[in-house]
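Subject: Model for your set-up, with notes

Hello,

Here is the model we spoke about. My notes on it come after the structure.

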Amino acid sequence: MLVLGIETSCDDTGVALYDRDAGLRAHALFSQMSHARFGGVVPEIASRDHIQKLLPLIDTLLADAGVVLADVDAIAYTAGPGLAGALLVGAALARALAFALTIPALGVHHLEGHLLAPRLEREAPDFPFLALLVSGGHTLLADVQGLGRYTILGESRDDAAGEAFDKSAQVLGLGFPGGPAIGQAAARGRQTDLKLPRPLTDRPGLEFSFSGLKTALLLAARERPLDDVRRDDLAYALQEAIVDTLAIKCRRALLQTGHERLVIAGGVGANLRLRERLTNDARALGVELYYPRPAFCTDNGAMIAYAGCLRLAAGQTGHQDFGVRPRWPLNELAPP
């Protein structure tokens, strides 16, 4: 079974071909850089870019894999959550192609794709495992028992960790997207007497909150004029606060669930400091740590093709509902 995956949930246009027997055949991604001047993603621009880039990207993908469209057996596309207009672009093309080829088209949950992305690697985690999904739009800990069997143990009450990176980068004048910019500045920074909060770590539970951390960074940045040294030191303090918070919650969740495998997914999972900290913590706890390659941490078509292939192989059929779900709670998913 050869599955074409289409990801258009936000500002990345991702496509991939996944074969149930041979594995990942090819993948391609177009990242929209036009939003940088606005300091965030503009939904209308994102949708229009998807329209312009999606078909040429699929042509490139098919050529790279050495196949033609008629060789595709099914299409998986992101049906939500995400930006409504962007989701509709991918859904419309997927449905149109599937209708023309008389093959199934299956809407995939974006977060399920992220949770399963580490299983694209050669050393893939077996079920069950604990997953930290941390991105620009989501921060949550999930108990993953199998395909479609997810229990959310804790999630952010307000902003996601990735959003805290993005907005703090704007405060520091580091540009967009904020995660890589903060990481680069933090690598030049040093520890000072500035102590930013580690939200909700002083009480029991596995929930997150990053809005107060953003405010603390803003107030610290206003204390005196920013020069390059001060900017880098603030970036260092922010990154340490976010990484520390995520690591503390992961340790709690591992002890609470007894899981012996920890999976890191989502765009913030590419942060080198977070990987270093969790690697050390996992080693101390005797836990196996898994994460996808950086290209599969951010939004991509490979994770959608893979998740769709698993569900189709398990007997799920493509539904006829054309609608997308900009808001789609992960706990509403069920096994195929």
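This is a predicted model: local features need pLDDT of at least 70, side-chain atom pairs count only at pLDDT 80 or more; totals for chains, interfaces and linings use all residues.

Residues are numbered from 1 along each chain as its sequence is written, and side-chain values use heavy atoms, with hydrogens and water left out.

The sheet

Five strands form an open sheet in the order 3-2-1-4-5, with mixed pairing. Strands here are DSSP runs of E with at least two residues, helices are runs of H or I with at least four, and both are numbered from the N terminus; two strands pair if DSSP finds at least two bridges between them. Strand 3 and strand 5 (105-109) are at the edges with a single partner strand each, so one side of each has no neighbour in the sheet. On average, neighbouring strands are turned by 20 degrees against each other, direction ignored. Axes are lines fitted to C-alpha atoms (for helices, over the stretch in contact), and angles run from 0 to 180 degrees between N-to-C directions.

Strand 2 (residues 12-19) is largely enclosed by the rest of the structure, because eight of its eight residues are buried (under 20% relative accessible area; exposed is over 50%, partly exposed in between; 1.4 Å probe, protein chains only). D12, G14, A16 and Y18 cover one side, and T13, V15, L17 and D19 the other.

Strand 1 (residues 2-7) runs antiparallel to strand 2, joined by six bridges, and the hairpin they form has four residues between the strands. Within this pair, V3 is the bridge partner of Y18 and E7 that of G14. Strand 2 also pairs with strand 3 (residues 23-31), antiparallel and over eight bridges; that hairpin has three residues between its strands. Here Y18 stands opposite L24.

Helix 2 (residues 84-101) lies across strand 1, strand 4 (74-80) and strand 5, at about 155 degrees to strand 4. Helix 9 (residues 301-313) touches strands 1, 2, 3, 4 and 5, and its direction makes about 135 degrees with that of strand 1. Contact means heavy atoms within 4.5 Å.

The loop serine

S156 is in the loop between strand 8 (149-155) and helix 4 (161-171). Its relative accessibility is 17%, so S156 counts as buried. The S156 side chain reaches the backbone nitrogen of D158 at 3.2 Å and the backbone oxygen of D159 at 2.4 Å. Leaving aside neighbours within four places in sequence, S156 is in contact with T139, F208, S209 and F210.

Regards

Key: A polar contact is a pair of N or O atoms within 3.5 Å; within protein, one must be able to donate a hydrogen and the other to accept it, and residues adjacent in sequence count only if both atoms are side-chain atoms.
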